Amino acid sequence: MDLLTLLVLSAAVWRLTHLLTIEDGPAAVFARMRIALGAHQDIAGNWYSDTFFGKLASCFWCMSVWASGIILVAYYYVPGAWYVLLTLALSGLAGLAYKATK
């Protein structure tokens, strides 16, 4: 794997992980997913859980391991996945640039 591919896949993992664990998403689809998996929000807006899937859905570090696996399987075994992964990567890099310049 060359360096550019590694960077693109890393950015895609960051974006997917951030989307699933932190963002609400359109129509709060990701927030509702976390709640369905057993996660809850405290008064400060932080997600927490006592269940395995709730912890997975609310822990950035935990989800990043699973997101990495999903991204790698898609990259190696799903024809055309590169374009979806590149879209995630570009979106992730745009989000990071926004946070860095805010």
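Author: We can start with helix H2. The model is predicted, and the buried residues of H2 are covered by elements that include helix H1 (3–21), strand S2 (47–48) and helix H3 (52–58).

Reader: Which residues of helix H2 are buried?

Author: Helix H2 spans residues 29–36, and its buried residues are Phe-30, Ala-31 and Arg-34. Looking down the axis of H2, you find these buried residues within an arc of 105°, so they line one face of the helix.

Reader: Which residues are exposed on the other side of H2?

Author: Arg-32 and Ala-36 are exposed there.

Reader: Why does Phe-30 count as buried?

Author: Buried means under 20% relative accessible area. Phe-30 is buried because its relative accessible area is 18%.

Reader: What does Phe-30 touch, leaving out residues up to four places away in sequence?

Author: With those left out, Phe-30 touches Leu-19, Leu-20, Glu-23, Asp-24 and Gly-25.

Reader: What should I look at just after H2?

Author: Look at the backbone of Gly-38, which takes a positive phi of about 105°.

Reader: Now the surface. Which residues form the nonpolar patch?

Author: The patch consists of Met-1, Leu-3, Leu-6, Leu-7, Leu-72, Val-73, Tyr-76, Tyr-77 and Val-78. Together they have about 980 Å² of accessible area.

Reader: Which element supplies the largest share of the patch?

Author: Helix H4 does, with 4 residues. H1 and H4 each supply at least two residues of the patch.

Reader: Where is Met-1, and is Met-1 buried or exposed?

Author: Met-1 lies in the segment before H1. The cut-off for exposed is over 50% relative accessible area, so Met-1, at 57% relative accessibility, counts as exposed.

Reader: How should I read the confidence values?

Author: Where pLDDT is low, the predicted coordinates should not be read in detail. In this model the protein averages a pLDDT of 93, and 100% of the residues score at least 70.

Reader: Which elements have the lowest and the highest mean pLDDT?

Author: Among the elements of the protein, strand S2 has the lowest mean pLDDT, 88. Helix H4, residues 60–77, has the highest, 95.

Definitions and conventions
Residues numbered from 1 in each chain as written. Predicted model: local features only at pLDDT ≥ 70, side-chain atom pairs only at ≥ 80, totals over all residues. Heavy atoms only, no water. Buried < 20%, exposed > 50% of the residue type's maximum accessible area, 1.4 Å probe, protein only. Arc of directions from axis to C-beta. Contact = heavy atoms within 4.5 Å. pLDDT = per-residue confidence, 0-100. Patch = residues over 30% accessible without salt bridge, like charges linked within 9 Å, V, L, I, M, F, W, Y side chains within 5 Å. Areas by Shrake-Rupley, 256 points an atom, 1.4 Å probe, with all protein chains shown as cover. Salt bridge = Lys/Arg side-chain N within 4 Å of Asp/Glu carboxyl O.
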